[in-house]
Amino acid sequence: MAAENPVESLQEEATCPVCLEYFTEPVTLECGHNFCRACISQCWEGSTTAVSCPQCREIVQQRNLRPNRQLANVVEIVKRLSLQAAKGAGGDGVCERHQEALKLFCEDDQTPICVICRESQAHRAHTVVPIEEAAQEYKEKIQAHLKTLREEREKLLGFKVTGERKSQEYLKQTQTERQNIVSEFQQLRQFLEEHEQLLLAQLEKLDEEIVRIQNENVSKLSEEISCLSELIGEMEGKCQKPASEFLQNIRSTLSRWEKGKFLQPEEISPELEERISGFSQKTIALLEALRKFKDTLPFALETKTGELLGAHRQVNVTLDPDTAQPQLVLSQDRKSMRWGHTRQDLPNNPVRFDPEPCVLGCEGFTSGRHCWEVEVGDGGYWAVGVARESVRRKGGISHNPEGGIWAVERDWSQFRALTSPVTPLPLSRAPSRIRVCLDCDQGQVTFIDADDEAPIFTFPPGSVPGERIRPWLWVWRSQLRLWP
């Protein structure tokens, strides 16, 4: 069948009748037909008799193959014309091998092909459909997938809305619990203070009663001792007199001495002893109950630590080299720092700490709840916490909230919270990794032992001001690393 347009006619004329592709090194036989040199050589390969033209079957001389350079030039022109025609008809859908428009789609290889590829051995046995038909079929499949994806997106959006609503409900619940805790502990403190004053007042009365009895006894005993001393002196003097004088009025003297009896001091009354004993028993029971409550409270707080801090978002903190003191050596990834013995030649910019060996994190926070972890090792002198953006950078700085820093530190074997004054931390073990939990909305920062989730110290709500807060690290003769 004749071609429908001149370009297709040229394509047919430039196509080898053996491989059905554009001529490659075309040669002409004696009969005038043209073939690729490789194709005709393959057709005649192994033949020992006279060979014939594959197209007209005329006997020809095998070695009489004349290169057809004009046809080779025509083939190149046809390729360029086909490329231009394909671009004009549909854009960039052109076969890289044959420079033909990609009008077909091979179902077996799942790839667009041209009409020449269709007749080649690579695709001749494959299922081929028009490219528009294949595109429509796959568009329908894509639309089905899009429907599923949109449904999944709607579900996720629903989950997001539900999660946000639940978060707000949880925040309201925690706010209510916070108010309840403050109220209950305030009432508890008031009750304990009133009970303390009552017990101390009762003790004061007991002290007064005991002192009154003691004073009265001392007064009476002193009077009796004086009388006895006078009587003893009189009796000793009587005994020193001659017998005649000694025996005068001896009966009345003995009678008067025998009548003198020693007055026993007033003892603590059984009623007072009972009051003291009962008060002691009540005090012991009360103190025992308070000790049990105190021993139980840390466990209760520890079991809730994960729940209370679960809403904090883990952030990836890096160190800000512009703020690092010149003797601090930062790693290339800006995740660790160590004390260096040599002062580095760094620009003395206004935000750089000097001479304090500390550095700020690049990240700053003004709202929300965030947490990060710092590997502190097993020794040295370091401090870890947060600082406000406006913290003093030059000269000596105050390591406490008044100076814009909320942190905990290790001074070799001692652990302290940098309050004003500092608060000793009687830790049962030395932490190797500390989690810093910052709640900007509540103005609170908490420190946790990341290995066993044990609380270390908390700066209470309202401690951290409502301004931009950044991670803060201080180190001397030691090394710190942000984790992970």
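Colleague: Thanks. Why is cysteine 227 called partly exposed?

Modeller: Happy to explain, and please keep in mind that this is a predicted model. Cysteine 227 has a relative accessible area of 43%. Buried means under 20% and exposed means over 50%, so 43% falls in between and cysteine 227 is partly exposed.

Colleague: And what makes cysteine 362 partly exposed?

Modeller: The relative accessible area of cysteine 362 is 28%. That value lies between the 20% and 50% limits, so the label is partly exposed. As for disulfides, the structure holds 0.

Colleague: Why does arginine 416 count as buried?

Modeller: Its relative accessibility is 16%. The limit for buried is under 20%, so arginine 416 is buried. You will find arginine 416 in strand E16, which covers residues 414-417.

Colleague: How do you know that the side chain of arginine 416 makes a polar contact with the side chain of aspartate 411?

Modeller: The distance there is 3.2 Å. A polar contact needs N or O atoms within 3.5 Å, so 3.2 Å qualifies. The side chains of arginine 416 and glutamine 414 are also joined by a polar contact, this one of 3.0 Å. Leaving aside neighbours within four places in sequence, the residues in contact with arginine 416 include Tyr381, Val408, Glu409 and Leu425.

Colleague: Which residues make the nonpolar surface patch?

Modeller: Ile181, Phe185, Leu188, Phe191, Leu192, Leu287 and Leu290 make the patch, which has an area of about 570 Å². Two elements give two or more residues to the patch: helix H5 (131-239) and helix H8 (270-303). H5 gives the most, with 5 residues.

Colleague: What makes phenylalanine 191 partly exposed?

Modeller: Phenylalanine 191, which has its place in helix H5, has a relative accessible area of 48%. Exposed would need over 50%, and buried under 20%, so phenylalanine 191 is partly exposed.

Colleague: Which peptide bond has omega near 10°?

Modeller: That is the bond from aspartate 354 to proline 355, and it is cis. Proline 355 sits in the loop between strand E11 (336-339) and strand E12 (358-360). Another cis peptide bond runs from serine 420 to proline 421, with omega near 0°. The loop between E16 and strand E17 (423-424) holds proline 421.

Colleague: Why does arginine 57 count as exposed?

Modeller: At 61% relative accessibility, arginine 57 is above the 50% limit, so it counts as exposed. Arginine 57 lies in the loop between strand E3 (51-52) and strand E4 (59-60). Although arginine 57 is not a glycine, its phi is positive, at about 70°.

Colleague: And why is leucine 20 partly exposed?

Modeller: Leucine 20 has a relative accessible area of 30%. Since 30% is between 20% and 50%, leucine 20 is partly exposed. Leucine 20 is not a glycine, yet its phi is positive, near 60°. Look for leucine 20 in the loop between helix H1 (6-13) and strand E1 (26-28).

Colleague: How many helices and strands does the chain have?

Modeller: The chain has 9 helices and 22 strands. Buried residues make up 30% of its 484 residues.

Conventions:
Residues numbered from 1 in each chain as written. Predicted model: local features only at pLDDT ≥ 70, side-chain atom pairs only at ≥ 80, totals over all residues. Heavy atoms only, no water. Helix = DSSP H or I, 4+ residues; strand = E, 2+ residues; numbered from the N terminus. Buried < 20%, exposed > 50% of the residue type's maximum accessible area, 1.4 Å probe, protein only. Polar contact = N/O pair within 3.5 Å; in protein donor to acceptor, adjacent residues only side chain to side chain. Contact = heavy atoms within 4.5 Å. Disulfide = S-S within 2.5 Å. Patch = residues over 30% accessible without salt bridge, like charges linked within 9 Å, V, L, I, M, F, W, Y side chains within 5 Å. Areas by Shrake-Rupley, 256 points an atom, 1.4 Å probe, with all protein chains shown as cover. Salt bridge = Lys/Arg side-chain N within 4 Å of Asp/Glu carboxyl O.
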